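Subject: Structure handover

Hello,

Here is the structure for your files, with its sequence. My notes on the sheet and the salt bridges follow below.

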Amino acid sequence: MKTKFNKLKLAVIGLGYVGLPLALEFSKKKNVIGFDLNKKRISQLKSRVDKNLEVSRKEFKNFKNIKFTNNKKDLKSANCFIVTVPTPIDKFKKPDLKPILNASQMVGGFLKKNDTVIYESTVYPGCIEEKCVPVLEKFSKLRFNKHFFCGYSPERINPGDKKLKISNIKKITSGSTPKVTKFVDDLYKEIIKAGTHKASNIRVAEAAKVIENTQRDLNIALINELSILFNRLNIDTQEVLDAAGSKWNFIPFKPGLVGGHCIGVDPYYLTYKAKSIGYSPKVILAGRSINDNMGNYVASELIKNMRKKNIKIKGSKILVMGLTFKENCTDIRNAGIYSVINRLKKFKCKLNLYDPWADKLEIKKIYNTYPISKLYKNKYDSVIIAVAHEKFKDLGIKFISSLCKKNYFIYDLKSLFSKTSNNLRL
């Protein structure tokens with residue numbers, strides 16, 4: 001391990017929610033190559049435009065030591081590569097490693113002696129050394145831990161959070177040898193004010209990352225199951241949680257649709273690995289089953305309550321407020337509301353989609369319809385408040401109710417407002 005910090009030439013592979021903030025933060029300390037295959041994305045970033053709205057034009061002015069490119073040849077000069085590509089699941093809910101393996105193949109073509117490859121993408125324990133390293137060796141024709149080295153520092157980005165930035169979130173670091181671990185840890189300490197936690201090896205760091213979101217998934221699944229139970233008992237779930245929350249050690253989770261690229265995905269990476277070694281996980285998959293089926297439950301509850309109010313289902317006009325996977329974020333991929341919308345379409349309901357954060361073209365691509373840009377009064381039979389955007393809070397329940405006809409029903413999935421006779425909270 002001979003690479004010195006003063007000779008470090010850093011390249012960040014993948015400039016999405018994880019890669020862009022990371023690349024920009026490092027550019028405060030050293031020259032950085034920001035690489036992404038998406039030509040349009042690179043063009044926007046060169047114009048100081050981040051479609052994810054994580055970085056403003058004004059903030060871009062603070063970052064001068066970065067080169068945005070989609071030209072692979074620009075990676076030749078790098079000697080330290082940080083891979084931040086997505087790690088999704090396929091339609092069978094198995095890990096889709098194509099993005100990370102393709103990135104490894106590309107990086108392998110530019111690896112030189114003493115270079116380091118650091119991965120941030122979420123994977124199952126053992127994935128980096130078992131899957132990625134062989135690809136790096138094959139395409140570089142170099143030997144792992146002799147000619148090149150690897151590190152793992154799992155991402156901890158919180159999209160939509162303007163206060164908890166990358167530098168304020170403690171980071172796990174690890175490496176393929178003790179010297180590499182120190183190198184990776186020292187590198188991230190340059191930008192992480194909150195400090196780092198050195199794991200003893202890459203597998204420990206991989207496991208730590210994947211259980212962070214698995215734990216959250218299970219906690220949300222428990223609250224979702226309780227909300228279903230309390231609803232049948234005619235008890236307001238939020239009131240129960242408020243009461244239970246008066247105890248000092250009660251953990252404040254809320255019911256809701258689980259989507260995004262982490263909580264709804266990472267548990268499947270862990271269960272995949274578990275099954276590969278002959279262990280069949282019970283609790284993890286039970287939680288996933290509950291959360292995966294919440295979309296159908298929400299749609300069924302909405303229809304049931306509309307019928308109670310004698311609202312004709314077929315042809316009913318329903319406003320869906322919020323299409324992103326979480327509040328104050330632009331990303332609609334893997335959003336929990338997707339399954340709700342698909343279910344309601346089967347009832348022949350007329351849906352209007354509304355989200356001031358989301359991109360109209362992205363919505364059209366996923367839902368085959370454009371969202372509405374204005375809200376009109378006295379139009380809807382029902383409203384689903386699916387995401388806790390600050391803009392929705394600011395509108396207030398009185399205004400949202402004014403969008404409805406005289407006989408209406410509102411399903412407040414995020415408990416933004418107090419419960420009324422026309423307003424059901426999840």
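Is Lys-189 buried, partly exposed or exposed? Lys-189 is partly exposed, at a relative accessible area of 47% (buried means under 20% relative accessible area, exposed over 50%, partly exposed in between, with a 1.4 Å probe and protein chains only).

First, the basis. This is a predicted model, in which local features need pLDDT of at least 70 and side-chain atom pairs count only at pLDDT 80 or more, while totals for chains, interfaces and linings use all residues. Residues are numbered from 1 along each chain as its sequence is written, and side-chain values use heavy atoms, with hydrogens and water left out.

Salt bridges

The structure holds 19 salt bridges (a side-chain nitrogen of Lys or Arg within 4 Å of a carboxyl oxygen of Asp or Glu). Lys-189 is in one of them: its partner is Asp-185, with the closest N and O atoms 3.1 Å apart. Asp-185 counts as buried, at 2% relative accessibility.

Lys-182 and Asp-186 form a salt bridge with closest N and O atoms at 2.7 Å. Lys-182 is partly exposed at 47%, and Asp-186 is partly exposed at 26%.

Elsewhere, Lys-67 pairs with Asp-74 at 3.3 Å between the closest N and O atoms; Lys-67 is partly exposed, at 45%. Lys-93, Asp-217, Arg-288 and Asp-292 are linked in a network of salt bridges.

The sheet

An open sheet is formed by 5 strands with parallel pairing, in the order E10-E9-E11-E12-E13 (two strands pair if DSSP finds at least two bridges between them). Strands E10 (350–354) and E13 (423–425) are at the edges with a single partner strand each, so one side of each has no neighbour in the sheet. On average, neighbouring strands are turned by 15° against each other, direction ignored (axes are lines fitted to C-alpha atoms, for helices over the stretch in contact, and angles run from 0 to 180 degrees between N-to-C directions).

Strand E9 (residues 317–321) is joined to E10 by 5 bridges; Leu-319 has Asn-352 in E10 as its bridge partner. Helix H11 (residues 294–308) packs on the sheet and touches E9, E11, E12 and E13 (contact means heavy atoms within 4.5 Å). The direction of H11 makes about 150° with that of E12.

Regards

Methods
Helices (H or I, at least four residues) and strands (E, at least two) are DSSP runs, numbered from the N terminus.
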